[in-house]
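Subject: Structure handover

Hello,

Here is the structure I said I would pass on. My notes on what was found in it follow below.

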Amino acid sequence: MPERPFLSFANVSYHAGEHLILDRVSFDVFRGETLVLLGRSGSGKTTALRLINRMLEPSAGTIAIDGKNIAESNVIDLRRRIGYVIQEFGLLPHWTVLENAALVPRLLSWPPERQAKRAEELLEKVALREFSGRYPNELSGGQRQRVAVARALAAEPLVLLFDEPFGALDPITRHEMQQLFLSVREQYQGASVFVTHDVLEALVLATRIAVLENGKLEGIFTPHEFVQAQTPVARAFLSTLPSNLKPGPSANG
């Protein structure tokens with residue numbers, strides 16, 4: 001693991017009016033790592049993602065990518081180098097699958113041949129090349145999400161952000177997308193931040209899990225550490241697991 005983290009939060013807070021959404025949150029994410037932000041609705045997970053790509057600006061603290069404070073970056077250039085996948089897909093309905101996958105290279109003014117080649121490579125990676133001429137409304141939900149993942153990877157982004165992207169999918173498709181994510185992570189070796197409130201998904205996808213509650217960081221754990229964690233929110237999430245998947249008593253009782 002590199003000595004210097006690729007993405008860093010340092011005492012980051014965010015206020016919406018008088019309401020404190022994030023309270024002095026600090027964490028690091030290294031290349032090849034997926035930090036899962038796990039928490040209940042309203043815990044500040046999505047706010048953290050929006051701060052990374054500067055849809056929001058922190059009230060205090062510093063966010064850095066590759067050692068550079070993102071507040072000093074051109075916001076448009078920054079967003080074009082960050083892949084963002086959301087639950088609602090965000091595809092342009094009047095563009096084909098190929099055109100949607102090539103959106104960011106197009107915004108970056110890549111030559112048309114290079115745009116198409118990159119999009120075709122990624123559609124092959126997500127098993128959708130044969131659908132390149134179709135439109136989003138001709139695809140299933142899982143297929144649309146695959147296009148969204150391909151688009152997020154198109155410009156070889158610095159950081160990948162996932163905001164509960166698989167939550168609306170049926171269990172089988174969701175499992176397939178989780179396996180696709182793991183495959184992409186292995187090949188991509190970037191820094192990823194993944195938001196979920198599904199504890200099983202967190203355990204499957206995370207290299208580390210950051211638990212948020214009311215805007216505060218309760219703790220950061222590897223999946224192995226998480227299943228033995230004694231913090232209140234971690235225990236609450238673990239209690240939702242099916243009985244056959246719950247961990248046995250820890251050494252701490």
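**The hairpin**

Leucine 212 has leucine 217, in E10, as its bridge partner. Strand E9 (residues 208–213) and strand E10 (residues 216–221) pair in the antiparallel sense over five bridges; two strands count as paired if DSSP finds at least two bridges between them. Helices (H or I, at least four residues) and strands (E, at least two) are DSSP runs, numbered from the N terminus. Two residues separate E9 and E10 in the hairpin, and asparagine 214 in the turn has a positive phi of about 50°.

Some ground rules before the rest. The model is predicted, so local features need pLDDT of at least 70 and side-chain atom pairs count only at pLDDT 80 or more, while totals for chains, interfaces and linings use all residues. Residues are numbered from 1 along each chain as its sequence is written, and side-chain values use heavy atoms, with hydrogens and water left out.

The largest pocket holds about 530 Å³ of space. It is lined by 21 residues, and those closest to its centre are Asn53, Arg79, Ile82, Tyr84 and Val104. Helix H2 (75–80), strand E6 (82–86), helix H4 (103–107) and helix H6 (141–153) are the elements that give two or more residues to this lining. E6 has the largest share, with four residues. By class, the lining of the largest pocket has 13 nonpolar, three polar and five charged residues.

The second largest pocket has a volume of about 160 Å³. Its lining consists of Arg118, Leu122, Lys125, Leu153, Glu156, Val184, Gln187 and Tyr188. Helix H5 (112–125) and helix H7 (171–188) each supply at least two of the lining residues. This lining divides into four nonpolar, one polar and three charged residues.

On the terms: on a 1 Å grid over the protein atoms alone, a pocket is an open set of points where a 1.4 Å probe fits, with protein on both sides within 12 Å along at least five of seven lines, and lining residues have an atom within 4 Å of a point. Grid points are joined across faces, edges and corners, and a volume is the space filled by probe spheres set on the points. Ala, Val, Leu, Ile, Met, Phe, Trp, Tyr, Cys and Pro count as nonpolar, Asp, Glu, Lys and Arg as charged, and the others, Gly among them, as polar.

**Cores and H1**

In soluble globular proteins, nonpolar side chains tend to be buried together. Here the largest nonpolar core has 45 residues, and Leu38, Leu123, Phe162, Phe194, Ile209 and Phe226 have the most contacts inside it. H6 gives the most to this core, six residues. Apart from it lies another core of 29 residues, including Leu7, Ile52, Ile70 and Ala191. A nonpolar core is a set of buried Ala, Val, Leu, Ile, Met, Phe, Trp, Tyr and Cys residues joined through side-chain atoms within 4.5 Å. Buried means under 20% relative accessible area, exposed over 50%, and partly exposed in between (1.4 Å probe, protein chains only).

Not counting residues up to four places away in sequence, phenylalanine 162 touches Leu49, Val85, Val149, Phe181, Val193, Phe194 and Val195, where contact means heavy atoms within 4.5 Å.

Helix H1 (residues 45–52) is mostly covered, with six of its eight residues buried: Lys45, Thr47, Ala48, Leu49, Leu51 and Ile52.

**Single residues**

Glutamine 178 is in helix H7 and is buried, at 9% relative accessible area. Leaving aside its neighbours within four places in sequence, glutamine 178 is in contact with Phe166, Glu201, Val204 and Leu205.

Glycine 167 sits in the loop between strand E7 (159–163) and H7. Glycine 167 is partly exposed, with a relative accessible area of 37%. Beyond four places in sequence, glycine 167 is in contact with Gln87 and Arg174.

Most residues other than glycine have a negative phi. Aspartate 66, in the loop between strand E4 (60–65) and strand E5 (68–69), has a positive phi of about 55° and is partly exposed at 40% relative accessibility. Serine 109, in the loop between H4 and H5, has a positive phi near 65° and counts as exposed, at 61%.

Regards
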